[in-house]
Amino acid sequence: MPQATAAIDNSRKIILVGNPNVGKSVIFSLLTGQYATVSNYPGTTVEISRGRAKGWTEAAEVIDTPGIVSLEAASEDEQITRRIIEESPEAVIVQVADAKNLRRSLLVTLPLIEMGLPVHLNLNMIDEADNRGVAIDSRTLSRLLGIEVSETAAIQRRGLDSLKKGLKRIRPGTWRIDYGRETAEAIEAIAALLPTNGISPRARAVMFLAGSAGSDGLP
């Protein structure tokens with residue numbers, strides 16, 4: 001059965017997530033019309049940009065999170081990004097990725113999908129990938145992950161319409177990581193003890209086994 005899409009309106013949040021230096025701030029400006037409020041996340045020195053989607057959908061809040069390498073929350077930036085995601089179960093996630101470094105980006109994509117939230121993968125800097133001879137079959141990638149995938153060269157404003165259309169069809173992914181029988185059994189046992197609100201119990205269980213607690217003290 002096809003996954004239900006998540007309509008974006010002014011009651012939802014659009015959270016931008018991605019590795020450092022992938023063009024998130026440019027995508028943020030293009031989605032919001034460049035107006036942003038920048039403030040520190042409470043109790044930290046980490047800066048968060050917030051704005052409103054402008055000219056293409058209802059005025060949903062757009063949040064630009066710090067660049068991260070993973071969602072294991074090893075650094076303060078990763079802790080804040082994951083906290084924002086965990087505290088916004090109604091949000092949709094746009095992962096901005098460097099198209100020429102897809103493997104690195106997928107280390108963030110797959111955990112996001114396991115969280116059970118609507119995810120859109122934006123392959124930014126596709127022009128640089130083309131120049132380096134890196135070819136990505138976005139349609140096949142979309143089919144394998146079960147999410148919408150768009151290609152942009154944000155600096156040139158290329159592909160922005162594709163990104164916006166993809167956001168209107170955003171949905172939870174279908175990919176599941178095979179951890180092996182013993183680990184899978186441990187994940188299932190832990191997940192059965194966890195709350196079902198917010199991110200998926202399976203994702204929390206994986207975090208627990210990885211030694212990474214959530215913002216609420218739960219795995």
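Helices α7 (residues 181–191) and α8 pack at an angle of about 115°, and their axes lie 8 Å apart. Those axes are lines fitted to C-alpha atoms, for helices over the stretch in contact, and angles run from 0 to 180 degrees between N-to-C directions. Helices here are DSSP runs of H or I with at least four residues, strands are runs of E with at least two, and both are numbered from the N terminus.

Before going on, the source. This is a predicted model, in which local features need pLDDT of at least 70 and side-chain atom pairs count only at pLDDT 80 or more, while totals for chains, interfaces and linings use all residues. Residues are numbered from 1 along each chain as its sequence is written, and side-chain values use heavy atoms, with hydrogens and water left out.

Back to the helix pair. On the α7 side, the residues are Thr183, Ala186, Ile187, Ile190 and Ala191, and they meet Pro201, Arg202, Ala205, Val206, Phe208 and Leu209 of α8. Contact means heavy atoms within 4.5 Å. By type, the residues of this contact are 9 nonpolar, 1 polar and 1 charged. Ala, Val, Leu, Ile, Met, Phe, Trp, Tyr, Cys and Pro count as nonpolar, Asp, Glu, Lys and Arg as charged, and the others, Gly among them, as polar.

Now the whole chain. The protein chain has 8 helices and 8 strands. Of its 219 residues, 50% count as buried. Buried is under 20% relative accessible area, exposed is over 50%, and partly exposed is in between, with a 1.4 Å probe and protein chains only. Among contacts between residues at least 6 apart in sequence, 68% join residues at least 24 apart.

Next, the cores. A nonpolar core is a set of buried Ala, Val, Leu, Ile, Met, Phe, Trp, Tyr and Cys residues joined through side-chain atoms within 4.5 Å. The largest one has 35 residues, and Val17, Ile85, Ile93, Leu112, Met115, Leu121 and Leu123 have the most contacts inside it. Elements that each supply at least two residues include β1 (13–17), α2, β5 (92–98) and α8 (201–209). The largest share, 5 residues, comes from α3. A second, separate core has 19 residues, Phe28, Ala53, Val94 and Met125 among them.

Isoleucine 93 is in contact with Ile15, Val17, Ile85 and Leu112, among others, leaving aside neighbours within four places in sequence. In α2, the buried residues include Ile84 and Ile85, but also Glu78, Arg82 and Glu86. What covers the buried residues of α2 includes β1, β3 (47–52), β5, α3 and α8.

Two loop threonines come next. Threonine 65 sits in the loop between β4 (61–64) and α2 (76–86). Its relative accessibility is 2%, so threonine 65 counts as buried. A polar atom of its side chain lies 2.6 Å from the backbone oxygen of leucine 16. Threonine 65 also touches Lys24, Ile48, Thr81 and Ile84, among others, not counting residues up to four places away in sequence.

Threonine 152 is in the loop between β7 (148–151) and α6 (160–167). Threonine 152 is buried too, at a relative accessible area of 2%. Its contacts beyond four places in sequence include Ile27, Asn122, Met125, Arg158 and Leu163.

Last, glycine 133, in the loop between α4 and α5. Is glycine 133 buried or exposed? Exposed, with a relative accessible area of 63%.

Terms used
A polar contact is a pair of N or O atoms within 3.5 Å; within protein, one must be able to donate a hydrogen and the other to accept it, and residues adjacent in sequence count only if both atoms are side-chain atoms.
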